[in-house]
Amino acid sequence: MDFMANMAELALASRLRRLSDLYWQAVTATYRQSGVEFDVRWATVFVLIARRGPIAITEMAGQLGITHPAVIQVVNELEKHKLIQSAKSDTDGRKRLLTLSEKGEAMIPQLQPLWDAFISVNRQMLNSQTHNLLISLQEMENQLAERGFFDRVQDELKRSKTTGSTTLEAISIVPYEPDYQPDFKRLNVEWIETYFRVESHDLEQLDHPERYVLPNNGQILLAKLGHEVVGCVAMINTRPEEGNTEFELAKMAVSPAAQGKGAGKLLALAAIDYARQLGAKTIWLESNRILTTALTMYTRVGFREVPSVPTPYARADIRMEMTL
């Protein structure tokens, strides 16, 4: 189980860094395999100089949205490797204008096929995503440009202090053990009876999860707030004859006392991650249209409505799927 993924919003910056590290490792290996002496850290500065040079360091920092010292550090390395050159500006003697050197220009034909491959692979992955990562990144950057993260956090801390609310709850996700069966049943009966009625198929799974949920790599995940079990979700292998290709996300329930704390989303993300690690291709679920909060959460984590099929549940009037 990916604990960092389970941390959700708390680990956003760490996950972006982890994603960046995965890219940098792969790109570095590609350069090395191709016999190109080029550091992945140089790429944005190098490309900017190639496309917009002659250009000054201050302009580069502004266009890249990074600090002046960070640009200088890369520029110094590029100069050390004789990939760029500088000359004084004709209009302002204090400015250094940077351009590619002959060696830098000569390297572009070696780099371009690799960059084209990077672009193509990224485009393929982005086009297959439910939410395009580039668009999401742009939206996040725009929000932080309007008001920085530090200022937003200070506002939230002031609000929490005024209202006495706590923004960070110690919710953890744990795998099923037989001792959790009463909690699994309690939580589900509690929420089902709030809106509907408990059906016979519910009781089969709730009373005997070892028979109706857990076989063929099925799993139950539970959310704990401190020592209290406040939520649960089941992953049921619905095509065991095909291995682990398809799972149903079922029996999602969160205690009323824990609602609004993100437990449902944490459970959903953990369940998705569980299926993904098993190599599943599809996850589906059934719900009811009156459960608007749950349906919104499912949509946000990547589920989309699909045509309904026959179901053992009288309350189910919507089916959603996610392709992994």
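Reader: Let's start inside. Is Phe46 buried or exposed, and what is its relative accessible area?

Author: Buried means under 20% relative accessible area, exposed over 50%, and partly exposed in between, with a 1.4 Å probe and protein chains only. Phe46 is buried, at 0%. Before going on: this is a predicted model, where local features need pLDDT of at least 70 and side-chain atom pairs count only at pLDDT 80 or more, while totals for chains, interfaces and linings use all residues. Residues are numbered from 1 along each chain as its sequence is written, and side-chain values use heavy atoms, leaving out hydrogens and water.

Reader: How do I read the aromatic rings, and how many aromatic pairs does the structure hold?

Author: A ring pair is described by the distance of the centres and the angle of the planes. Rings of Phe, Tyr and Trp (its six-membered ring) pair if their centres lie within 6.5 Å; under 30 degrees between planes is stacked, over 60 edge-to-face, the rest tilted. The structure has 11 such pairs. In one of them, the Phe38 and Phe46 rings have centres 5.2 Å apart and planes at 80°, so the pair is edge-to-face. Phe38 is buried too, with a relative accessible area of 8%. Both belong to a cluster that ring pairs build from Tyr31, Phe38, Trp42, Phe46, Trp115 and Phe118.

Reader: What about Trp191 and Tyr195: at what angle are their ring planes?

Author: Their planes sit at 55° with the centres 6.5 Å apart, so this pair is tilted. These two are 4 residues apart in helix H9, about one helical turn. (Helices, H or I of at least four residues, and strands, E of at least two, are DSSP runs numbered from the N terminus.) Trp191 counts as buried at 18% relative accessibility.

Reader: Now the sheet. What is its strand order?

Author: Strands pair through backbone hydrogen bonds, either parallel or antiparallel. Here two strands pair if DSSP finds at least two bridges between them. The open sheet of 7 strands runs E4-E5-E6-E7-E8-E10-E9, with mixed pairing. Its edges are E4 (171–175) and E9 (304–306), each pairing on one side only. From one strand to the next, the twist averages 30°.

Reader: Which strand does E5 pair with over 7 bridges, and in which sense?

Author: That's E6, in the antiparallel sense. The two make a hairpin with 2 residues between them, and Gly226 in the turn has a positive phi of about 70°. Across that pairing, Ala223 stands opposite Gly231 in E6. E5 also pairs with E4, antiparallel over 5 bridges, and there Ile171 faces Leu225 in E5. With 6 of its 7 residues buried, E5 is largely enclosed by the rest of the structure.

Reader: And in which sense do E7 and E8 pair?

Author: Parallel, over 3 bridges. Glu248 has Trp284 in E8 as its bridge partner. E8 has 5 of its 6 residues buried, so it too is largely enclosed by the rest of the structure. Trp284 also has a charge above it: the charged end of Arg319 sits over its ring, 4.1 Å from the centre. The criterion is NZ of Lys or CZ of Arg within 6 Å of the ring centre and within 35 degrees of the ring normal.

Reader: Which strands does H9 lie across?

Author: Axes are lines fitted to C-alpha atoms, for helices over the stretch in contact, and angles run from 0 to 180 degrees between N-to-C directions. H9 lies across E5 (219–225), E6 (228–237) and E7 (246–254), at about 90° to E6. Helix H12 (263–277) packs on the sheet as well, touching E4, E5, E6, E7, E8 and E10, and its direction makes about 160° with that of E7.

Reader: Last one: where is Glu199?

Author: It's in the loop between H9 (181–195) and H10 (200–207). Glu199 is buried, at 8% relative accessible area. Contact means heavy atoms within 4.5 Å. Beyond its neighbours within four places in sequence, Glu199 is in contact with Pro312, Tyr313, Ala314 and Arg315.
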